[in-house]
Structure formats: structure tokens, C-alpha cells
Amino acid sequence: MQLIWLRSDLRLHDNTALSAAAQRGAAVAVYLLSPEQWLAHDDAPCKIDFWLRNLQSLSTALGRLNIPLLIRSAATWEQAPQVLLELCRQLQVQMLHFNQEYGIHESRRDAAVTRALQHAGISVQGHLDQLLFQPGSVLTKSGGYFQVFSQFRKVCYSRLHTALPALVKAPGAQLPLSINADPLPQRVEGFPSPTQALRELWPAGDDEAQRRLEKFSDEQIHYYQSERDFPAKPGTSQLSPYLAAGVISPRQCLHAALRGNQGEFESGSPGAVTWINELLWREFYKHILVGYPRVSRHRAFRPETEAVKWRHAPEELAAWQEARTGLPIIDAAMRQLLETGWMHNRLRMVVAMFLTKNLLIDWREGERFFMRHLIDGDLAANNGGWQWSSSTGTDSAPYFRIFNPISQSQKFDSEGRFIKHWLPQLAGLNKKDIHNPAAMGGLFGVPGYPAPIVDLSRSRERALAAFKALPARMDAGVSHE
């Protein structure tokens, strides 16, 4: 008997561990419910709900292949070795298969499970699946992990030209087993159910993920470079929740992009090339997790930035979290996050830089808040993005480069369409005033909308002073937009 341990790989197609297990003989799948671990990792309720809905879809698909999906509880990952060992003994499993995950806790969990099962005479096989390249295989000439994306990308390009990762065939139906699939919970204690409106934005299942990928690669990818920064336009793929949960794989995304670009990575459609680069940014941040474990420990990638004198400003933090900063593009973006579980990528950078530079609040506060609300929450991507914006990370924005939210708003939402959608109290303003209602004058401003909580110019100078005061001079860095 082969056992597939599902984690962030909730799909039937192009699933390396699932395919490998099915090729070896009769297979059973298992998923562990770990609510205490999820809480400790700040996983969002909408994300847990998305996992459960995708598990339901996957259980149905596996059922058609006579592969039962079992559900077990391991409140924390420390319990995973014993829970899986008991299941392996019960089912007389010869080999456990899983797709590798990255991060300190994930690595420790998998190592502990491997030791426990191998000690009991059960084979364990980890598979490369959620990345294009095995961490440790894309290194500098001196043998270290890359710290600059452009150099990492160059090596990835050369690898892809010589050996494109192949898609893995879905397993066929096996003979029925005398094992019934377990019912799936509708919700998990500690994670309240999201609104029906949010659920409808993110339908579950790899058929839906494939539909979105095909629609994007057929209709939108060639406009990606020119439209991805405009939040009122449908310029992005919105596949990130499906990638984070493993409902679709980076290999599937890469192959779809190449099909629409005559197999080219570096030439042809600028939109396709730009989107492939975003897949490689995702890859880069996962490699950073492995090569520099401190980023999994809530530490800055650049050690000297641990000395930044972040402000303790709970009222300002709450205003940012609750979309009442008085800066429309910030508040509209935060409203989008709170209501949909997702935020446009350009706006993630804008709101992160506002929190860490204009408010000079520790990036870890923002990172945690995002994880608690994002349906696509992913440690590597979220940490990488926050540390990029706060100038504490690898390849990050230079500390003196601080987005002005008003000019960002004027540039990327010039008509105010995005702002008006999320802040209807401002819908009556013209396209000039909507970006900065405070500049209109008048005694009370716009009824129902707060005054700005910070002066952008003075707060920018405060941030520059805080970073200039660091004991080691920070280099200019390389920007990622």
C-alpha cells in the first residue's frame, strides 16, 4: 500500500507525489487537520475555508479513481509523526509519499515524520513539486544562495532552456479498495466561515484553476506587462490562491505561458515574459527560505536593519488595519483585502511601504496582518514582499525610495475607479480630488471620511532619518516592481 500525504498540493493533475504513489501500487491519500499549527502560523480563516473546499473537490476527483481520501487530526505538527505512523501500521503501508514544502517548521515536521516511519521500516519519499528547481541547485559560483533576483533569474533561464520541467500525468483509476473516504468538515474550530460573497470570488477545484489559467493565457497574458499595475483593470491572473494551496502548479503555469509565447522565456510577448518572471520571483523567495532560515524566524534578511527604531503606534496601526488612514488608495486597498481575502500586487507594495516608511511601524506587524487575512497567504511570498517594501530584505527597495501613496494613486488609478468602488463615500469626488480629499480645503472635508493620520512629507523625512541612523550603511538595493 502507498500513502500520499497531501498538504499544499490539492490537485489531481501534475501532482508528483500522487502520480509516483499510484505508479507503485494501490494508493490511499491522507490530509492532516492541524488547527493549532494554522493559528500559530496566522493562517487566515478564508484560506482554511478555501483549503477545505478544495479538499472536497479533490476527494470527489480521487473517488472517481478509487483513491480514498482520509482525514486525520494532528493539532500541531509535532503530532504528525505519531498520527501518520499509526495510520501506516493500520493500512500496512510500505511507502509514504509527500511533496516537499519549505520553511523551518515544515522542514522539521517532514524530517521528524521521515525518522519515525523509517525507524518502523516504512519507506518515505519526498518529491520536488511546488518549485521548478530543487533549492540548493541554483547557486552562485561560490556555492551560495543568490541574494539578487536578476542573477537568480539568469541561471533559471539557462536551466529552463536546457531542461524544461515536464508535466506529470494524472493517475488512472485503480481497483476499488475496502477503505471508505472520510467525510470532510465544513469548517474548523477557531476559523470562522467567510462570507458567501468571498467564497463565490474563489471557487474551488483544479478545474476552476485550469479554467482561470486558460482564460488568462488565452486572453490577458499579452496585456499583463502594460495592465498589471492598474487595480481597476483585470490585468492580473488572480491565480495566487490556487498556487498557494497547490490547486495548480508552477509547471502548469509555466507551460501555459510558453504555449502562448512560442516557447520563449526572454523574447516574444512582453506580457508573457513578465508573467514568467513573476513565477520566478515566487521561486526565488522559496529558495531564500531554505538558504537563509532566519527569514522563517521573523528576522530581517539584512541583519543591520534589526536596529531600525520602529515606532510603537497602536492607534495608527489600527487605522491602517481598519482602512481609515485618510489616504484613499491605502484605505481602498485595505478594504479590498478585508472583503475579498486578496489585494492587488501593486497595492500590496504601496500599503506596505506606507506602514513601514510613513508610519515607521515594524514590517512584522504588516506581515502578520496580511497572513491573517489573505486567501493566498504564503510565507515566502508574503515575507519577501514585506521585507522588499520595508528595505530589510534581499534585493529590496533602497531605503530612500519611498512610494508616495497620492502619486501612486494618481498614476495607477487616475480616474479613481478603484477608489470609488471600495470607498463609495468618495464616489462624488472628481478624478483630481479623489486621490487627496484633504487638499480640497473646507472645514470638515468629506463627510464620513477621516483626515489623513500622517503628513506624508514629514513622515518620509522621519523614515529617512531612521534608516540613515543604522550602524552599517545600507546599499542601494535593486527594485522589484
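This is a predicted model: local features need pLDDT of at least 70, side-chain atom pairs count only at pLDDT 80 or more; totals for chains, interfaces and linings use all residues.
Residues are numbered from 1 along each chain as its sequence is written, and side-chain values use heavy atoms, with hydrogens and water left out.

Asp 362 belongs to the loop between helix H15 (345-358) and helix H16 (363-371); helices here are DSSP runs (H or I, at least four residues), numbered from the N terminus. Asp 362 counts as buried because its relative accessibility is 18% (buried means under 20% relative accessible area, exposed over 50%, partly exposed in between, with a 1.4 Å probe and protein chains only). Leaving aside residues up to four places away in sequence, Asp 362 touches Trp 310 and Leu 355, a contact being heavy atoms within 4.5 Å.

Zooming out, the protein chain splits into domain 1 (2-129), domain 2 (131-164 + 205-291) and domain 3 (303-469), with bounds from an automatic or database domain assignment. Between them, domain 2 and domain 3 bury about 1800 Å², and 62% of that is on carbon and sulfur atoms (buried area is the accessible area, with a 1.4 Å probe, that two parts lose on being put together, summed over both). Asp 229, Pro 231 and Tyr 285 supply 34% of the area that domain 2 buries against domain 3, more than any other three residues.

Two salt bridges turn up across this interface of domain 2 and domain 3 (a side-chain nitrogen of Lys or Arg within 4 Å of a carboxyl oxygen of Asp or Glu). Elsewhere in the list of pairs, Asp 378 and Lys 286 form a salt bridge whose closest N and O atoms are 2.8 Å apart.

Most residues other than glycine have a negative phi. Gln 238, not a glycine, has a positive phi of about 55°, and Ser 391 has a positive phi near 65°. Gln 238 is partly exposed, since its relative accessible area is 31%, whereas Ser 391 is buried, at 0%.

Terms used: Helices (H or I, at least four residues) and strands (E, at least two) are DSSP runs, numbered from the N terminus.
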